[in-house]
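Biologist: Could you take me through this structure? I am new to it.

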Amino acid sequence: MAERPVQLYVYDLSQGMARTMSMAFLGIQIDAVYHTSIVIDGKEWYYGAGIQSSLPGTTHHGKPMEIIPLGRTSLPEEVIVEYIDSMRSTYTMESYDLFMHNCNNFTADLSMFLTGRGIPDKIKNLPQEVLKTPFGQMMRPALEAQLRPITQAPTPATAPPPRPTTVQNTPIKTVRSVAEFENLIKTSPAVAAFFTSATCPPCKLAEPHFLTLAEQNPRATFVKIDVGIQQDIGSHYRISATPTFITWSKGAQLSTWRGGLRGDMETEITLMINDAFPPHRHMKIPIHNVMAETMIASRNPTVFNKVPPIDKVKPRLGPVAEDPNVASLISFLQHRALEGSNNAAIPNEPAWAKFLCTAFTELPVDVLFPLIDLFRASLADPRVSGWFAEETDHKTIKTMIEYSLRPETPYNIQLVTTQAVVNLFTSPLWAGHLCQEPILSLVVSMITTFLLDREHVALRVAASVVAFMMATHVQKERSTASKEVIGDEKLVEMAIGFVEAIKEEQKSEEVVKALVVALALVVYCVPEGSEVGDVLEGVEAKQVLEEKMKGGLKVEKALLKEVAELVGA
């Protein structure tokens, strides 16, 4: 995506009073009581009553006193919005604090994600400078009370102009001729046509339902034809009244009906979809236990967020602990552990990423381990994991995983690396990148290798969590978007690895349960023609699961039986 500018809008909440009166009251000169916001893609994002957005320059703060260029970003708009959504749990209305957790903390974090740099220190550090003065400390409660109605005012009613509801902004197609329409019917597996006219009131009521069905069924082709304009098409199909609907499956006409009743539309479209895309054979197999386990795990995701004892880490790091990048990360983790993420300013992530990548080639193992462990703990914060999910070429994560897969790499580094990969899932941005090369091959190798480490249960547990989270993403995209995010070759490799690990696992019920569910999610409704089914038969997956029912591990037999039936189908 093309690069776009990122701007910092700077406002003065004191309306000029700070510049003229600060020296007399505080004993220091300040230019403004700063409020800042980030402007990107035609939206102004700011923090007050939670995370808010408006058209640039239309907030209740009026006209900005200064607009500072922060840099440029090529991140897609949907990625930026998703990252901002992941920040909402940190930047809530209730957690707002004028001095410790304010709009400038938010813009600093968002700027770091977008451009790799923060906001000017004079803005970010101003509250601390004020609190260093006796008068500032004394007036803190009064200032909070006076400014809160301003900083936490609701979003102004002004909203971006609505996008016109034209066909170009919807999944509904238009055609210009009978020949074009007939070619569409021949080449599309399923076609639903909505014949309408400008003077038809029921058509206007039916159109939103037709649009919704088009959005819900992306595999089918939905066409809108205005018979007042395309009279030749209306005549060809003998349309005598509107609204009229016709459906086709694999080139054959299925049904015709008039009227825009929602129930009729849903019924006929469902029949068309089922005829054109017959339900998968797995749809007849109940997987209630699999889905129950998936829901429980998804609601309470595993995060390895324990911060290592800093008093013990620093001696292990030696002089490296004094490096500004390491000191900044340690400070972030300490503040986050003591005060929560609200008051923990994220470190300079580009600088830290560069330092860590260099460390893999220059530092000894005994120093590298505590560094990766600190990194693992920092990734529990979605602001940090979000940045590394979007890092160019994923150099840091790639380097870390490659190092963990070396034969000589010790167990403790393998463990914290795997836990770090788990923590990357705290950002909703990570799963999509995980399924892209070269990260995909590295993570699959890491899972299948570490699951078979016979000596270290903790390593197998961490690897099984990554396996489950990957499988969850695969199934989510398959079931909600009809999209295969991992190619068949890698799916086969994952499935074989899961079965082998289930077979070998003799100590951990947690590992077996996670892998059984992961196997089911990878297999369920796998596309016809996939080699996964044949491979599972070859490795006797069903028999492996049935044997586990007889074993000593306390894994629910109903779950094992359910997945055994699935892989044997």
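**Salt bridges and a covered helix**

Modeller: The side chains of R88 and D85 form a salt bridge, 2.9 Å from N to O; the term means a side-chain nitrogen of Lys or Arg within 4 Å of a carboxyl oxygen of Asp or Glu. This is a predicted model, in which local features need pLDDT of at least 70 and side-chain atom pairs count only at pLDDT 80 or more, whereas totals for chains, interfaces and linings use all residues. Residues are numbered from 1 along each chain as its sequence is written, and side-chain values use heavy atoms, leaving out hydrogens and water.

Biologist: Does R88 count as buried, partly exposed or exposed?

Modeller: R88 counts as partly exposed because its relative accessibility is 33%. Buried means under 20% relative accessible area, exposed over 50%, and partly exposed in between (1.4 Å probe, protein chains only).

Biologist: How many salt bridges are there in the whole structure?

Modeller: A search finds 18. One of them joins R281 to E528, with the closest N and O atoms 3.2 Å apart. R281 lies in the loop between α10 and α11, and E528 in the loop between α23 and α24, so the pair ties together parts 247 residues apart in sequence. Helices here are DSSP runs (H or I, at least four residues), numbered from the N terminus.

Biologist: Turning to α20, how many of its residues are buried?

Modeller: Nine of the 12 residues of α20 are buried, including I439, L440 and F450. Among the elements covering them are α17, α21 and α22, where contact means heavy atoms within 4.5 Å.

Terms used. Helix = DSSP H or I, 4+ residues; strand = E, 2+ residues; numbered from the N terminus.
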